Amino acid sequence: MMHFADSLTFSGRKVVAAWAALPFPALSSSSLPDVLSAHQQDVPWKLLSSWREQKVSCCFAQSVVLRGICQEKPTSCPGQPRSPLHSCESPEQVLQQFLHTQFPGAFSTSHVLQQPCDTRPPFPQFFSPLLTRRGFLLDKAQGYSSGGVESIPVLAALQSSPVLHSLLSGLCRELRAPNVRRWSSFFTAGVEQDDFQEALEELKTLSQCYETGFGASEDEADSD
């Protein structure tokens, strides 16, 4: 994983953020172009970090994997395609075109796998009754327990993005807040005060590597 993250980072960046759609929001009767066309204003995956929710508007590099929804189905509108996504010849091209549209200029790799994620026991059954046994969305709740969900389509992504500026600078502020000199036990493990301060400065410098020049002033003001 460390080497994989390194392949998505450059210009002093060392951290990537994990995102996922579990399950990927798709109707069983929809094709992949139909599903992604419904998310032109926002990507259909969420940040897995415990940091506050952030909307992804751009990224530097990313790797995206989609499982369990690679079988293309005829769209409901024959003839002219409804969007550029419908003119793609394969699920891989559909996903790559979507990423190119959402994040122009970013380095993106994508993979589409046919095998869905297996959710049979002992996988925790926390699913909504609005899912079929194969993890696709229904218009109304089904008559059996959500424990019957046997597999789901999943999208997962690793991104090097400006979101990490807020996350890392926020972590730096939280670490600066307590007066660690008052906690004698804090340094019993062999950590020196100078080393601790140097690590904080390195963390601040790392957070600055994710600035884009837009919307960073608030975070910088807080860090000061």
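## Sheet and cores

In β7, Ala-156 is the bridge partner of Ala-20. Helices (H or I, at least four residues) and strands (E, at least two) are DSSP runs, numbered from the N terminus. This is a predicted model: local features need pLDDT of at least 70, side-chain atom pairs count only at pLDDT 80 or more, and totals for chains, interfaces and linings use all residues. Residues are numbered from 1 along each chain as its sequence is written, and side-chain values use heavy atoms, without hydrogens or water.

β1 and β7 pair in the antiparallel sense over five bridges; pairing requires at least two DSSP bridges between two strands. The open sheet has five strands, ordered β2-β1-β7-β3-β4, with mixed pairing. Its edge strands each pair on one side only:

| Edge strand | Residues |
|---|---|
| β2 | 46-47 |
| β4 | 107-113 |

α3 packs on the sheet and touches β3, β4 and β7. Contact means heavy atoms within 4.5 Å. The direction of α3 makes about 150 degrees with that of β4. Axes are lines fitted to C-alpha atoms, for helices over the stretch in contact, with angles from 0 to 180 degrees between N-to-C directions.

A nonpolar core joins buried Ala, Val, Leu, Ile, Met, Phe, Trp, Tyr and Cys residues through side-chain atoms within 4.5 Å. Buried means under 20% relative accessible area, exposed over 50%, partly exposed in between (1.4 Å probe, protein chains only). The largest core holds 35 residues; Phe-24, Leu-36, Trp-45, Ile-69, Leu-95 and Leu-155 touch the most other members. Its largest share, five residues, comes from α4.
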